[in-house]
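Here are my notes for you on this one. Have the structure open while you read.

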Amino acid sequence: MASRIESLNHADIGAKNNQWGKFWRAAIPYIFISPFFVGFVGLQLLPISFSAFLSFAEWSGLNQIQIVGIKNFVTMVNDARFWNALRVTFTITVVCTILGTAGSLALAILIEQVRGWLSPILRAIFFLPSVTSVVVIAYVWKQLYNADFGFINAVITQFGLPAQQWLTNPRLALPSLIIMLIWAGLGWDALIITAGLRSIPDDLYDAARVDGASGWAEFRYITLPLLRPTLTFVLVTSVIYLWGLFAQPQLLTGGGPIRGTQTVALYLYDVGFRYHEFGYASAIAITLSIIMFVSSYINFRLVRTEVEY
Amino acid sequence: MERRRKIIRNGIAGFLILISLLYLLPYIWMIAMSLKPDGEIFSTSILPQNPSFIQYERLFYGYQFGDQTLRINFPAYAKNTSIITLISLVLVLFTDALAAYAFAKFNFRGKNILFWIMIGTMMLPIYATLIPSFWLFSKLKLVNTYQALILPGVIDAYGIFLLKQYMETVPSEILDAATVDGAGAFRRFWAIMVPLSRPALGTLAVFRFLFVWNDYLWPLVIIREERMYTLTLGIANMEMRQGMIVHGSQMAASFLATIPVVVLVLLMQRQFLRGLTVGAFKA
């Protein structure tokens, strides 16, 4: 529409001028999107291509790049530390996604029941961790978990239970990390689910109530099916986020004890920036990207197919 | 029936208040620790007995060890973070709005493909580009610079998507009228589209502010000198000062770094919620 009026407007200008103007007008949208695409090519596409290339090479950043074929991937498959990191990340992803999504769904539904002045205050409190820096969150929790002066041990010893080494006991470190992650993520997901809940028309519930449906039936046959797109979104975003988990374990436990909380991203960072094995680190990075992509696709399909029963 | 409903409702409210205390506790701990003098840091009582601002003073004047002073350059961290946040906000809002305008109100060859490429970039994990990006910026001699901190964050497909959704709702008639009056494409963008998109720009500004202010991984990779530390890097590195009781000062720095984001989100609550809903229905 806009372009038609524009060409009418310029119809009386000379033919040569018109052609130049035509070219110019056609170029405008491309000029407008060019900053993004220049940045995309320079800072994402080329680096990723380089990463893919490096995954078939050996390079310390200083010496000559040496093409070594699939050697890095062979190393990776035989690398116990890589498998350990994969297992740790997988555990975190599965546990946090399931408990986190269920918890945020429950939280969202419960907060919707609260009326009046209390509800915005509760929402704000649960949302606080979502806007707080992960560095701040990790260090506060590190102090809460501290074996000597931490609050958690102070409370459990009050109840006569023995103090625990929350972050240095290999059996407790991973659960401690997971608890912190769920705590930090609940408010964000709950807010997104709340938006989904509010988009469900009230008359559906009214009709169900007239038919004498119980609260559980309402939830099972109205809320859950209609919330599916929202839940898909929450699942896919949290799976992507958790597969790439880096800062929280790095700051809380440093990946320890004995690599018990070392995620793939943390291992990749160590290989790349501490041991300067850029080729091997790139192979891990490419593998991690593929895992993220495949698992979010699987998630998408799982939630999708469930609709068609 | 009505009575029963009310009881259930009060029960739920009570339960949520209890849970919300669990959410406030780490923040209470943070503030309390930041007000404890060194002698009380390892005590198990949450509240400080003799509250003092010494931990805050140290952020600005450093630690005194006899005749030695160990500086924590907190003012520099705060300055760096403020500068990169401000500059990247301006850059991101401008480039995102320009691209969103093109996608929302122009027809051009390849528009659909380019749009989907753009959406696809949201799926790219930062880890796939981390090593080559570090190499690229060190080749360009940009390690330890503001440019290196700012540039990667300017590519923001999510923001373009968000603004495009909004700009599509602006009636084309307004733009056509301006065209008849002789306004060029950029004039229409700057004088009409930008002012009309102010709510969406506000939403995006909050999101970007949070992202840049709290970012940790990229600064960790690209910044090696203390004078260039951001707040997150500075707080993380306070831990490494050996032989010092940093727990209190670290919480003081954390508290100061958290105040701006909390205030911003409280002030811009409505814009923030709108942004989240747009995201949710994308899937």
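The points below go through the chains, their contact and a few helices.

1. First, some housekeeping. This is a predicted model, where local features need pLDDT of at least 70, side-chain atom pairs count only at pLDDT 80 or more, and totals for chains, interfaces and linings use all residues. Residues are numbered from 1 along each chain as its sequence is written, while chains are lettered from A and ligands numbered from 1 in the order in which they are written.

2. Chain A comes with two domains, domain 1 (2-45) and domain 2 (73-308); such bounds come from an automatic or database domain assignment. Taken over C-alpha atoms, the centres of these two domains of chain A are 45 Å apart.

3. Now look at where the chains meet. Chain A puts 72 residues into the contact and chain B puts in 71 residues (two residues are in contact if their C-beta atoms, placed from the backbone, lie within 7 Å). On the chain A side, helix α2 (residues 15-54) gives the largest share, 15 residues. Helices here are DSSP runs (H or I, at least four residues), numbered from the N terminus. By class, that side of chain A has 54 nonpolar, 16 polar and two charged residues. Nonpolar means Ala, Val, Leu, Ile, Met, Phe, Trp, Tyr, Cys and Pro, charged means Asp, Glu, Lys and Arg, and the others, Gly among them, are polar.

4. How do α2(B) and α13(B) lie to each other? They are roughly perpendicular (angles of 65 to 115 degrees count as such). Helix α2 (residues 54-61) of chain B packs on helix α13 (residues 247-267) of chain B at about 80°, with axes 8 Å apart; axes are lines fitted to C-alpha atoms over the stretch in contact, and angles run from 0 to 180 degrees between N-to-C directions. Among the residues making this contact are B:Tyr56 of α2(B) and B:Ala252 of α13(B).

5. In α10(B), the buried residues include B:Leu204, B:Phe207 and B:Trp213. Of the nine residues of helix α9 (residues 202-210) of chain A, zero are buried, so this helix lies largely in the open. A:Gly212, which follows α9(A), has a positive phi, near 80°.

6. Last, pick out B:Leu233, in helix α12 (residues 231-238) of chain B. B:Leu233 counts as buried because 20 C-beta neighbours lie inside 10 Å. Leaving aside neighbours within four places in sequence, B:Leu233 touches B:Pro219, B:Leu220 and B:Ile223.

Definitions and conventions: Buried ≥ 20, exposed ≤ 12 C-beta atoms within 10 Å, placed from the backbone. Helix = DSSP H or I, 4+ residues; strand = E, 2+ residues; numbered from the N terminus. Parallel < 35°, antiparallel > 145°, perpendicular 65-115°, else oblique.
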